[in-house]
Amino acid sequence: MSDNMIVVDDKAGVVRLTISRPKALNALNSAVFTELASVLSDLETRHDLRAVLITGAGEKAFVAGADIAEMRDMTPEQARAFAGQALQTLKRLEVLPVPVVALVNGFCLGGGCEIALACDWAVASDNAIFGQPEVSLGIIPGFGATQRLPRRVGPAMALDLATTGRKIDAAEALRIGLVNRVMPRDALDAYAEELTTQLSGNGPVAVRSAKRAVHDGLDQDLDSALALETSLFALCFAGEEPGEGMGAFMAKRKPRF
Ligand code: CAA
């Protein structure tokens, strides 16, 4: 087992990142973010990248939050710098041009939930527990949850979670739209395989364009966003993928992208 806190496993352009500090339930300290930023610098240059999956090491946790031992004695200036480092790194994860998916395999609290929120979608094991318990520590979420959580689950549910600090199980996380799917813990690997197969069967430029249209469009008014979709749709036809994809359909064979 490597000593890295971000373990990288690359299979045909689908890169699995495992946050690995199992003795601290994968809590996020500044060293974890420094290492994640370095891994992202590599991924950002990869033209063969198809998807990024992110999970936690060990049996109990995805990520149990920011490292409380490191945060406890911070000054306001240090807290601002810590949050800034985390926010910048999670933004880079979020805007990777390919789907970024959280495989939530246990406790997903505080900063852990904020990682899941920076992903395009999340799937959870049926034993996963979610929450933004920061207020019980006398702080508020600092890695994006006050903004990304209401955008994902709506402001009322976000306020419920962020002000009570209550924990919710995987079934409730599914019901409120925090995760897309819930499955037994030992099915997460099979899901990762299934996702790899699905994405590898699709046009890589098309997949990247679909992500870009959704992300960039959400920041625009509807008419501008629909115009963006039209531009990206048209741009697909400048490449080789439509010829292969639609040609394969007409020839009743599988496309080879
Ligand atoms: N930071 C640092 N260490 C942590 C940690 C965290 N967030 N969460 C767990 N650990 C450590 C524990 O201190 C413990 O270490 P020791 O064995 O050395 O004592 C080890 O991980 C195992 O944890 P527990 O013994 O507590 O395990 P448990 O099964 O009894 O409880 C738990 C599990 C409910 C997740 C509990 O550990 C817990 O409540 N953790 C803190 C969760 C939390 O409050 N997260 C939010 C952090 S604040 C944040 O994230 C702010 C932000 O947005 C910037």
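**Exercise 1.** At what angle do helix 3 and helix 4 pack, and how far apart are their axes?

*Solution.* Before starting, note that the model is predicted, so that local features need pLDDT of at least 70 and side-chain atom pairs count only at pLDDT 80 or more, while totals for chains, interfaces and linings use all residues. Residues are numbered from 1 along each chain as its sequence is written, and side-chain values use heavy atoms, with hydrogens and water left out.

Step 1. Helices are DSSP runs of H or I with at least four residues, numbered from the N terminus, and their axes are lines fitted to C-alpha atoms over the stretch in contact, with angles running from 0 to 180 degrees between N-to-C directions. Helix 3 and helix 4 pack at about 35 degrees, and their axes are 9 Å apart.

Step 2. Contact here means heavy atoms within 4.5 Å; on the side of helix 3 it involves L90, L93 and E94, which meet E114, I115, L117 and A118 of helix 4. By class, this contact has five nonpolar, no polar and two charged residues, where Ala, Val, Leu, Ile, Met, Phe, Trp, Tyr, Cys and Pro count as nonpolar, Asp, Glu, Lys and Arg as charged, and the others, Gly among them, as polar.

**Exercise 2.** Describe how helix 1 meets helix 3.

*Solution.* Step 1. The axes of helix 1 (residues 30–43) and helix 3 (residues 76–94) come within 10 Å, crossing at roughly 30 degrees. Helix 1 is therefore roughly parallel to helix 3, since angles under 35 degrees count as roughly parallel, over 145 as roughly antiparallel, 65 to 115 as roughly perpendicular and the rest as oblique.

Step 2. From helix 1, the residues S30, F33, T34, L36, A37, L40 and S41 meet F82, Q85, A86, T89, L90, R92 and L93 of helix 3. The residues of this contact divide into eight nonpolar, five polar and one charged.

**Exercise 3.** Which residues make the contact between helix 5 and helix 6?

*Solution.* Step 1. The axes of helix 5 and helix 6 (residues 155–164) come within 7 Å and cross at roughly 135 degrees, which means that helix 5 is oblique to helix 6.

Step 2. Helix 5 contributes L149, P150 and V153, and helix 6 contributes P155, M157, A158 and L161. These residues divide into seven nonpolar, no polar and no charged.

**Exercise 4.** Which helix gives the largest share of the lining of the largest pocket?

*Solution.* Step 1. On a 1 Å grid over the protein atoms alone, a pocket is an open set of points with protein on both sides within 12 Å along at least five of seven lines, a cavity is a set where a 1.4 Å probe fits but cannot get out, and lining residues have an atom within 4 Å of a point. Grid points are joined across faces, edges and corners, and a volume is the space filled by probe spheres set on the points.

Step 2. The largest pocket holds about 1,000 Å³ of space. Among its 36 lining residues, E94, D120, V214, H215 and L218 are the closest to its centre.

Step 3. The largest share, 11 residues, comes from helix 9. By class, the lining has 19 nonpolar, six polar and 11 charged residues.

**Exercise 5.** Identify the residues that line the largest cavity.

*Solution.* The largest cavity, with a volume of about 30 Å³, is lined by C113, F130, G131, Q132, L149, L161, I168 and L178. These residues divide into six nonpolar, two polar and no charged.

How values were computed: Helix = DSSP H or I, 4+ residues; strand = E, 2+ residues; numbered from the N terminus.
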